[in-house]
Amino acid sequence: MSVRKLKDTVLVKISETAEKLFGQVPDQFEISFPPNTDLGHFAVECFGLAKQFRKSPAEIAKKITEKIAPDDVIQEANASGPYLNIKLFPDVLFGDVCSEIISENHKYGESSHGQGTRVMVEYLSPNTNKPLHLGHLRNGALGMSISKILEATGHWVVKANLINDRGVHICKSMLAWKRWGGNSTPESEGLKGDQFVGNWYVRFAQEADKIQNLEDDVQTMLQQWEAGDPETVKLWKTMNNWVYDGFAETYKNFGLEFDVFYYESATYKMGKDVIQKGLAKNVFSKDDHGNTVFHLPTAEFGQEKSGDAKKVTVLRPDDTSLYITQDIATSILKIEEHKLGFSIYVVGSEQEYNFKCLFQILSSLGYEWAKDCYHLSYGMVYLPEGKMKSREGKIVDADVLIAEMKKLAVAEIRQRDPEDRLSDNEINHRAKKISVGAIKFYLLRVRPTQTINFDPAESISFDGFTGPYCQYAYARICGILAKAHGRTNNVHGCDFSVLGNPEELLLLQKLIQFPEEVNNAVEEFNPSKIAVHIFNTAKAFNQFYNKHHVLRAENEKLVTARLMLIKATAVVLKKGLELLGIEVLENM
RNA sequence: GCGCCUGUAGCUCAGCUGGAUAGAGCAACGGACUUCUAAUCCGUAGGCCGCAGGUUCGAGUCCUGCCAGGCGUACCA
C-alpha cells in the first residue's frame with residue numbers, strides 16, 4: 001500500500017463510521033498529524049464535521065472513536081477534545097511507507113500534475129559587462145531549483161538564459177579597454193574573462209569622472225555598433241566571448257545549467273518590428289515628445305494626477321529600443337519556439353512593475369498566452385553595509401564567495417582527517433559539494449519574497465539549519481548502510497512490527513510528508529518549503545541516531561527494520577537536496 | 001502621494017487554505033564521544049506574534065485603519 005493509499009484508508013474508515021452514526025457522508029475533511037507522536041499517527045480535526053452534523057466537535061470525535069471498528073490497518077482511535085487521533089499497526093504503517101519509498105527510490109515525491117505541460121524558466125539573465133555577484137547566485141539557485149521541482153512534478157522544462165549583451169553599459173567596458181587596454185587579454189593578465197572585462201567597466205567609471213567627453217564617446221560607440229561598424233562589432237564579439245568563457249566557469253562551479261540562450265542583440269530589432277506593427281494597429285501611439293508609448297488600462301493601473309492614463313514608453317523618439325522593447329520580442333520568441341504551457345521569469349522584485357506592464361502589453365497585442373506568463377519575483381540581497389552597488393565595489397563577487405566557502409570546507413575536512421588519509425583529490429571533491437551546498441541552502445531556505453540580509457558569519461556556517469547539516473545526515477546513513485552488507489535487499493521480507501518508538505515515528509512522519517511538501521513548493525514556486533522539510537527530516541534522523549542503535553540494536557529483526565527506515569530516509573534526503581540543486585556525499 | 005513586499009525570541013527566519021501549550025537555527029549558559037561519522041545530540045534561558053479595532057466557538061494566520069522599513073512609480077536595466 002502506498003503512503004497516499006494508507007491515508008485514504010484511514011479517511012474512508014472514518015467517513016464510513018461517521019455515515020453510520022449520523023446518516024450522512026461527511027463533506028471533505030483533511031487528515032493531519034498530531035502535535036506529538038504519543039497521541040497517534042494521524043489526526044482528524046472534527047470542526048468541519050461539527051458544522052455539518054450540528055454537534056460539538058468533541059462529541060463527534062468521541063462518538064466516532066467508540067464506533068470505529070479495529071481492522072488490520074487501524075489499531076485504535078482516541079478522542080482528544082475535538083481531535084480524533086488514529087493509531088495504525090506499526091507493521092502496516094512502517095512497512096507500507098518504507099517499502100514504497102525504497103522501491104520508488106529517486107522517484108519518491110514526484111508526481112504527474114504537470115504531465116504534458118511545457119514550461120520555460122528564464123533565470124540569471126546577466127549583463128556582459130561585469131562578473132556575477134551574490135544576487136545572481138540567489139537568482140541562479142532559485143532558477144535551478146524551480147526547474148528541478150517543476151520537472152519532478154511532471155513538467156517539461158526548458159531552462160533559458162537571456163543575455164543582456166548590448167547597450168551603453170556594454171560599450172563602456174569596450175571603450176575603456178580599447179583606450180587603455182593595449183594588447184592585454186584575460187590570458188595575459190591571468191584573469192577570468194568576466195573579471196577582466198568587469199575591471200574595464202570599473203575603469204570606465206573612474207575615468208568618466210575625470211574626462212569630460214567620455215560619456216559622449218560611449219554614445220558614439222553605441223551608434224557605431226548599431227550601424228554594424230565592423231571594427232566595433234569585432235571588439236564587441238571578442239570581449240563578450242571573454243565574458244562567456246568566464247561565466248561558463250562560474251555556471252559549472254555553481255551547478256547552473258541552461259538549455260537555450262537568448263541574446264538581446266539578436267532580439268532588439270524584432271522588438272522594434274513588433275512595436276511598429278502595434279503602432280499600425282493603434283495599440284501604441286506617439287506622444288508629444290515623439291516617444292512611442294502604450295497607455296495602461298486605468299482599471300488595473302490607476303491614472304496620473306492629471307487624470308490621464310499612465311503610459312509606458314516602448315520606443316525612444318529616435319526609434320532606439322529600450323529594455324522592454326526587446327523583452328516583448330523575447331517573450332514572443334519563447335512561446336513560438338517552444339510551444340509553452342506557461343513561462344516563468346525569475347527576476348528580482350525591483351522589476352515587478354515592469355513585468356506587470358510587459359504582460360499587459362503582450363495581452364493588448366492580442367497574445368492570449370500573456371496570462372500564462374509569471375514573474376517569479378524574489379527579494380534583494382543586502383550586505384551589512386547596505387545595498388550592493390557594483391559601481392562602488394560594494395558587491396560580493398560570486399567566484400570569490402564560492403572560493404572562500406570552499407577554503408573553509410577544506411579546512412573543516414582536514415580537521416576531521418588528522419591522519420591525512422584523504423587524497424587532495426578527494427578533499428577537493430568533498431569541499432566543492434559542501435561549499436556550494438552551503439551557499440545554495442542559505443539562499444533557498446527563506447521564501448523568495450524575503451529580502452536576505454547577507455550575514456557573512458552566518459552564511460559560512462556549516463552547523464544547524466544549513467546544507468552541510470543535511471548532507472551530513474545523509475553521509476551518516478551511507479556509513480551505516482555500507483556496513484550493513486546487503487541486509488537491506490529484501491524490504492518485503494522485513495518485519496516492521498518492532499518499530500514504533502517516538503523517534504522512529506517522528507522520522508517516519510517526515511518521510512510521509514515529503515511528497516506534500518514538493519507539491520506545496522511547486523504550487524507556490526517556493527523551494528524553501530523543501531529546504532525546511534529536508535532540514536526537519538535530517539534533524540529527526542539525528543535525534544533517532546543519537547538515541548538508538550541501528551547495527552547494534554537489541555535483535556536482528558530490529559536491526560533490519562531500522563536499516564530499512566534509514567534507507568528510506570536517505571532516499572528522501574537525497575531527493576530533497578537534489579530538488580534544491582544540492583549534491584549529496586557518501587562520506588564527509 | 002500611489003502600488004507591491006516586509007514587520008514573530010538578542011540576531012536570522014518557519015508557522016500549510018484560521019484550529020491541540022507560538023517553533024527552528026545562531027549567539028549565551030550547563031551536560032553527552034572506550035559505543036553505527038560530535039559538521040551530532042540533550043537540557044536551561046529568552047515572545048503584549050509592529051499598534052488599534054473588527055469577523056469567528058477559536059486569529060500570528062482573515063478584514064479595516066494606523067506606525068516603521070524596503071523596492072518600484074516608465075524615454076535606466
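**Exercise 1. Find which residue pairs with Asp71 in a salt bridge, and state which parts of the chain the pair ties together.**

Solution. Start with the rule: a salt bridge is a side-chain nitrogen of Lys or Arg within 4 Å of a carboxyl oxygen of Asp or Glu. The side chain of Asp71 meets that of Lys13, with N to O at 3.2 Å. Helices (H or I, at least four residues) and strands (E, at least two) are DSSP runs, numbered from the N terminus. Last, check accessibility, where buried means under 20% relative accessible area, exposed over 50%, and partly exposed in between (1.4 Å probe, protein chains only). Asp71 is partly exposed at 28%, whereas Lys13 is buried at 16%.

The model is predicted: local features need pLDDT of at least 70, side-chain atom pairs count only at pLDDT 80 or more, and totals for chains, interfaces and linings use all residues. Residues are numbered from 1 along each chain as its sequence is written, chains are lettered from A and ligands numbered from 1 in the order in which they are written, and side-chain values use heavy atoms, with hydrogens and water left out.

**Exercise 2. Describe the salt bridge of Arg166 and count the salt bridges in the model.**

Solution. The partner of Arg166 is Glu226, and their closest N and O atoms are 2.9 Å apart. Arg166 sits in the loop between β6 (156-163) and α6 (168-180), and Glu226 in helix α9 (residues 214-227); the two are 60 residues apart. Arg166 is buried, at 7% relative accessibility, and Glu226 is partly exposed, at 23%. The total by the salt-bridge rule is 29.

**Exercise 3. Identify the network of salt bridges that includes Lys107.**

Solution. Begin with one pair: Lys107 and Glu110 form a salt bridge at 3.9 Å, N to O. Lys107 is partly exposed at 47%, and Glu110 is partly exposed at 31%. Then extend the pair: Lys107, Glu110, Lys575 and Glu578 are linked in a network.

**Exercise 4. Work out how helix α13 packs on helix α14.**

Solution. Axes are lines fitted to C-alpha atoms, for helices over the stretch in contact, and angles run from 0 to 180 degrees between N-to-C directions. Helices α13 (residues 323-338) and α14 (residues 352-364) have axes 10 Å apart and pack at about 55°. This makes α13 oblique to α14, given that angles under 35 degrees count as roughly parallel, over 145 as roughly antiparallel, 65 to 115 as roughly perpendicular and the rest as oblique.

For the residues, contact means heavy atoms within 4.5 Å. On the α13 side they are Ile324, Asp327, Ile328, Ser331 and Ile332; on the α14 side, Asn354, Phe355, Cys357, Leu358, Ile361 and Leu362. Eight of these residues are nonpolar, two polar and one charged. Here Ala, Val, Leu, Ile, Met, Phe, Trp, Tyr, Cys and Pro count as nonpolar, Asp, Glu, Lys and Arg as charged, and the others, Gly among them, as polar.

**Exercise 5. Repeat the analysis for α9 and helix α10.**

Solution. The axes of α9 and α10 (residues 230-254) are 8 Å apart, at an angle of about 95°. The two helices are therefore roughly perpendicular. Met221, Gln224 and Trp225 of α9 meet Thr232, Val233, Leu235 and Trp236 of α10. The contact has five nonpolar, two polar and no charged residues.
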